[in-house]
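Please keep the model open in your viewer and follow the stops below in order, selecting each residue as it is named.

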Amino acid sequence: MSDKRNEKRNCDVEQQMQRGERCKEMRSEELRVRIWLESLRATKSIIDEKQWKDFSEMLDKLSDDSNPLFFLNVFERKVVVYDDHYPKREFHEFSHNDTYLNIILRNSPPDSLLENIERILPVYKASRRLYKIAQNTDPYDFRWIKFTNEFNKLELRGDGDGYGLNREQIRQVFTIRHCERKAQNEEGSPPTELTILMESLERNPPAAIIAEMLKVCREAASIPHIKTGKIPISTAIVHQARTEVITKLILDEKERENFEARQNYDYFTNVDHHGRNLLHCAAYFNASRQCIKALRNVCCTEGVNDVLCKTDNQNRVPYEVAIWQGRPMDYIESLFVPGVNGKDTFEEGVAHLARS
């Protein structure tokens, strides 16, 4: 009996030692991955195919049970926005949250590496699939059923195809910036980095879809566009999204304060790198009257109407943009305030433009 107990004890010790060795090996491989990621963060050179292959081989050695959340470690990234009319002139600089995963994505890795990351990082797997679905959704598809079905899998657990993500992981799904591995533009600048929300807003999404996204990741509404620094509400206006979608993207006072602190700029009251503020954009892209009213409420705080008095790069205030775009008179009047361009009445302002 004693011999059997000793034999079992020795077997247990041997198994523990084997597990310990495997843990050491896993920690060693994880350390190698972390070192490679940190070197990627520090370099400004282009990553070649061999380097991607070497990194992919490192990931192959990580087990499926590993949980490399360090891919989503957050640090600060500085970005410069350039003037649209003078490409070499800096418009302003802002900072935003960056991650190792985002650095990998904007360096255009091969699809095989992205699939490897999907294997070990369910958050990225879910995010990439939702992004692809949004990207391929027809703007005339008013239901977005495929997207909704995939969205509903985020929390789903079990042996099916659910992701089993917790609340924090679901939030992270909508903070990842996706980049396509495609030809660079004429200036040689990298592809645009887009979140799921940004991509969706270009394809006329239902308000219910946007509401669900913002419910699980409210901060997505204030994640800036890397090239322009603008927030998603600008994308929604430019792509003529539904009024309900645009109003859901309006940041509240606290969100605006946090955004301005990072950006050192307020896109709700100032012009963008095109020289247009949100009300210029609304008039140019024919946003609804309800949208104009909602934007006036948030942009013209405490009775201050400076936003309606600011000119764009063509020296036009918002109501003048509406006139040049041929909007109805009541629409134009909704963008007028006494004193703009030195005109005390709406009739005076219209008459002045008619003579010019």
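**First stop: a charged pair and its partners**

Begin by selecting E168 and R171, whose side chains meet in a salt bridge with an N to O distance of 2.6 Å; a salt bridge here is a side-chain nitrogen of Lys or Arg within 4 Å of a carboxyl oxygen of Asp or Glu. What you have on screen is a predicted model, in which local features need pLDDT of at least 70 and side-chain atom pairs count only at pLDDT 80 or more, while totals for chains, interfaces and linings use all residues. Residues are numbered from 1 along each chain as its sequence is written, and side-chain values use heavy atoms, with hydrogens and water left out.

E168 and R171 are separated by about one helical turn, because they stand three residues apart in helix α7 (residues 167-173); helices are DSSP runs of H or I with at least four residues, numbered from the N terminus. E168 is partly exposed at 39% relative accessible area, and R171 also counts as partly exposed, at 24%, where buried means under 20%, exposed over 50% and partly exposed in between (1.4 Å probe, protein chains only).

E219 counts as partly exposed, at 31% relative accessibility. Elsewhere, salt bridges that share partners join R77, D98, R106 and E193 into one network, and a search of the whole structure finds 19 salt bridges.

**Second stop: helices α4 and α5**

Select R128 and D111, whose side chains meet in a salt bridge at 3.7 Å, N to O. Here R128 lies in helix α5 and D111 in helix α4 (residues 111-120), 17 residues apart, and the pair links distant parts of the chain. R128 is buried, with a relative accessible area of 12%, whereas D111 is partly exposed, at 45%.

Next, colour the buried residues of α4, which are L113, L114, N116, I117, E118 and I120. What covers the buried residues of α4 includes α2 (49-60), α3 (100-106) and α5.

Which residues is E199 in contact with, once its neighbours within four places in sequence are left aside? They are Y131, A134, Q135 and L194, contact meaning heavy atoms within 4.5 Å. E199 lies in helix α8 (residues 196-201) and counts as buried, at 3% relative accessibility. Show the side chain of R203 as well, because a polar contact of 2.8 Å joins the side chains of E199 and R203; a polar contact is a pair of N or O atoms within 3.5 Å, and within protein one must be able to donate a hydrogen and the other to accept it, with residues adjacent in sequence counting only if both atoms are side-chain atoms.

Select F55, F71, F147, F174, I233 and L249, which touch the most other members among the 98 residues of the largest nonpolar core. Such a core is a set of buried Ala, Val, Leu, Ile, Met, Phe, Trp, Tyr and Cys residues joined through side-chain atoms within 4.5 Å. Helix α5 (residues 122-135) gives the most to this core, with seven residues. Centre the view on I233, which, leaving aside neighbours within four places in sequence, is in contact with I246, L249, I250, F268, L278 and L295.

**Last stop: aromatic rings**

The structure holds nine aromatic pairs; rings of Phe, Tyr and Trp (its six-membered ring) pair if their centres lie within 6.5 Å, and planes under 30 degrees apart count as stacked, over 60 as edge-to-face and the rest as tilted. F70 and F71 are stacked, because their ring centres are 5.2 Å apart and their planes stand at 25 degrees, and both residues are buried. Y319 belongs to helix α16 (residues 318-324) and F336 to the loop between α17 (329-333) and α18 (346-355), 17 residues apart; both are buried. Finish by selecting W36, W52 and F55, which form one aromatic cluster.

Notes. Helices (H or I, at least four residues) and strands (E, at least two) are DSSP runs, numbered from the N terminus.
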